[in-house]
Amino acid sequence: MSSDAWLWVAVIAAGVLAWATKFVGHVVPQRLTDHPRIQRTALLVTVALLAALAVVQTFSVGTALVLDARVAAIAVAALALALRAPFIVVVVLAAATAAALRAMGIG
Amino acid sequence: MAGVKLDAVRQQALSVSLATGAYGISLGALAIAAGLDVWQTMALSLIVFSGGSQFAFIGVIGAGGAPLAAVGTSFFLGIRNGFYGVSLAPLLRPMLGLRRAWAAQLTIDESTAVALAQPEGDRAARLAGFWWTGTGVFVAWNLLVLVGALLGQRIGDPTAWGLDAAAAAAFLGLVWPRLSSRLAQGVAAGAAVMALALTPVTPAGVPILAAALVAVIAGWRAPRIPPPTPTLHEVPS
């Protein structure tokens, strides 16, 4: 299969799994999920994945670790988040920071 | 009086829907930059319908990861939605067939948060919160993802526009509201170190999945903390 076909398979598979996960929550007997360890782990898995995605997206190109304009952009994003800026503003500020640095030939 | 209260719930649902929909634009543009076409972007958005999982999927694909790794990462990020379903089930029962299947699809951070933010005894307000927010976000999110994807097609080199940095900032913005406890901060730091350490030595996508192990170990060993509750300050769907 072509890589585009595999991408379609992945899109559909991710969708079916996402829906099935939500559906199972609605039909499963509550006592099966009432364990604090299970609930806590589910919460922390979300945190771990998002944190890992953030740093990999900031510091890597393929399998190489690099420092470029994205580092300044993520710092600006963190500052905006600390100042309670809305999500869309945070994202736009980060993009603008990286774009401006690159336009100046940095990173 | 009940009518006034329901109006307030619907207003809250509308504002949450618009705020969430707005960053659908960034998801749409980033999906195109990651290499998906408009149809794939819309299929992902309509079927997965969970912002964190969608950002994760395109993040792994955009980094050159295997499609299977993208599916795995998006699945693990969606597990929390299953727990939201558990919290909502007593409110929504009895409900069968297609209606239940559709309620499941609308079970995301925002709909759960607005529903459960209403007084515990006010079933009508809670139901309105769930259905109005779920439906509102579904419509706004998917429309604006389409707008973002169409814009993304027209802008040429995504790095010149800083879209790679926008993706990084999106993940930071998604994790930020979840870092209120020391335990969560520790897990985030551990996961970040684990992912960076593995990046040079494993295929793209693997470092992200491996970072989830940090959470599993910490979640199993840590002392009691409250179960996951969705928060409303600019959380992902």
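Within chain B, helix α1 (residues 2–22) has the lowest confidence, with a mean of 83, and helix α3 (residues 38–48) the highest, at 98. Helices here are DSSP runs of H or I with at least four residues, strands are runs of E with at least two, and both are numbered from the N terminus. Two residues are in contact if their C-beta atoms, placed from the backbone, lie within 7 Å.

This is a predicted model, in which local features need pLDDT of at least 70 and side-chain atom pairs count only at pLDDT 80 or more, while totals for chains, interfaces and linings use all residues. Residues are numbered from 1 along each chain as its sequence is written, and chains are lettered from A and ligands numbered from 1 in the order in which they are written. The mean pLDDT of chain B is 89, with 92% of its residues at 70 or more. The model has an ipTM of 0.91 and a pTM of 0.83.

**Chain B overall**

Switch to a cartoon of chain B: it has eleven helices and zero strands. Its C-alpha trace spans about 60 × 50 × 30 Å along the principal axes. Of the 237 residues in chain B, 58% are buried. A residue is buried if 20 or more other C-beta atoms, placed from the backbone, lie within 10 Å of its own, exposed if 12 or fewer do, and partly exposed in between.

**Helix α5 of chain B**

Select residues 67–92 of chain B. This is helix α5, whose 26 residues reach 35 Å from first C-alpha to last, close to the 38 Å expected at 1.5 Å a residue. The expected span is 1.5 Å times one less than the number of residues. At Leu77(B), α5(B) bends by about 30°, the bend being the angle between axes fitted to the seven residues ending there and the seven starting there. Of the 26 residues in α5(B), 20 are buried.

**The side of chain B that touches chain A**

Now show both chains. In the contact between them, 87 residues of chain B meet 68 residues of chain A. The largest share of the chain B side, 18 residues, comes from α5(B).

On the chain A side, select Ala10(A), in helix α1 (residues 3–27) of chain A. Leaving aside neighbours within four places in sequence, Ala10(A) is in contact with Pro67(B), Ala70(B) and Val71(B). Ala14(A) lies in helix α1 of chain A as well. It counts as buried because 27 C-beta neighbours lie inside 10 Å. Beyond residues up to four places away in sequence, its contacts include Leu44(B), Phe57(B) and Phe75(B).

**Backbone details**

Most residues other than glycine have a negative phi, and most peptide bonds are trans. Select Arg93(B) and Pro94(B): the peptide bond joining them is cis, with omega about -5°. Pro94(B) sits in the loop between α5 and α6 of chain B.

Next, go to Phe49(B), in the loop between α3 and α4 of chain B. Its phi is near 40°, a positive value in a residue other than glycine. Phe49(B) is buried, with 25 other C-beta atoms within 10 Å.

Finish at Arg84(A), in the loop between α3 (69–82) and α4 (87–103) of chain A. Phi of Arg84(A) is also positive, near 65°. Arg84(A) is exposed, with 11 other C-beta atoms within 10 Å.

Definitions and conventions. pLDDT = per-residue confidence, 0-100.
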